[in-house]
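Look at the model shown here, and follow the description from the overall fold to single residues.

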Amino acid sequence: MKTVRRFFAFLFLACATSTLAGPPTFEAQPSPTPSDENSRDLFSYETTYTFGSDFEESKLGHGDSIYNDFTYDHRFLIKGNWYIRAGVEYERYDFGGSDNGLPDHLQALYGHLAL
């Protein structure tokens, strides 16, 4: 019974304190300066691994593969909301697990240029 009385006494004091505290005071805060919300550096990395799987033609056997894609672009401000974007992309496919005469890896390198 004592805990119930203590609980109600605490609840009463908490309500009375916030009631008697008076009106809240608000201080003026400086407005935040507008900033560029767009990122200038764009980065992307993707990788996919395929465990042992069969080829469409069974005479080629089965194998595993891994795919990696790395992209980096940088945006250069021209004026207002206009940008020039330049960057590079590198893709690579690695194949393993079978000696069927197919290449072990394929790779490509790209250049990006955009307005």
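Contact here means heavy atoms within 4.5 Å. This is a predicted model, in which local features need pLDDT of at least 70 and side-chain atom pairs count only at pLDDT 80 or more, while totals for chains, interfaces and linings use all residues. Residues are numbered from 1 along each chain as its sequence is written, and side-chain values use heavy atoms, with hydrogens and water left out.

The protein chain has one helix and four strands, where helices (H or I, at least four residues) and strands (E, at least two) are DSSP runs numbered from the N terminus. Read from the N terminus, the order of the elements is α-β-β-β-β. Among contacts between residues at least 6 apart in sequence, 44% join residues at least 24 apart. The chain exposes about 10100 Å², and carbon and sulfur atoms supply 61% of that area; accessible areas come from the Shrake-Rupley method with a 1.4 Å probe, and for residues only the protein chains shown count as cover. Of the 115 residues, 10% count as buried. Buried means under 20% relative accessible area, exposed means over 50%, and partly exposed lies in between (1.4 Å probe, protein chains only).

Next come the strand pairings. Two strands pair if DSSP finds at least two bridges between them. Opposite Y90 stands L109 in β4.

Several of these residues belong to a nonpolar patch on the surface, formed by F43, Y45, F70, Y72, V88, Y90 and L109, with about 710 Å² of accessible area together. Patches are made of residues with over 30% relative accessible area and no salt bridge; like charges are joined within 9 Å, and nonpolar side chains (Val, Leu, Ile, Met, Phe, Trp, Tyr) within 5 Å. At least two residues of the patch come from each of β1 (41–54), β2 (62–79) and β3 (82–96). F70 lies in strand β2 and is partly exposed, with a relative accessible area of 31%.

In a regular strand the side chains alternate between the two faces of the sheet. N68, also in strand β2, is buried, with a relative accessible area of 19%. Which residues is N68 in contact with, leaving aside its neighbours within four places in sequence? They are Y45, E46, T47, Y90, E91 and R92. The side chains of N68 and T47 are joined by a polar contact of 2.8 Å. A polar contact is a pair of N or O atoms within 3.5 Å; within protein, one must be able to donate a hydrogen and the other to accept it, and residues adjacent in sequence count only if both atoms are side-chain atoms.

F51 is found in strand β1 and counts as exposed because its relative accessibility is 64%. Leaving aside neighbours within four places in sequence, F51 is in contact with G63 and D64. The C-alpha atoms of F51 and H62, 11 residues apart along the chain, are separated by 9.8 Å.

Side chains of opposite charge can pair when their charged atoms come close. A search of the whole structure finds two salt bridges, each being a side-chain nitrogen of Lys or Arg within 4 Å of a carboxyl oxygen of Asp or Glu. One joins R85 and D73, with the closest N and O atoms 3.8 Å apart. R85 lies in strand β3 and D73 in strand β2, so this pair ties together parts that are 12 residues apart in sequence. R85 is partly exposed at a relative accessible area of 33%, whereas D73 counts as buried at 6%. A salt bridge also links the side chains of R92 and D94, at 3.0 Å from N to O. R92 counts as partly exposed, with 24% relative accessibility.
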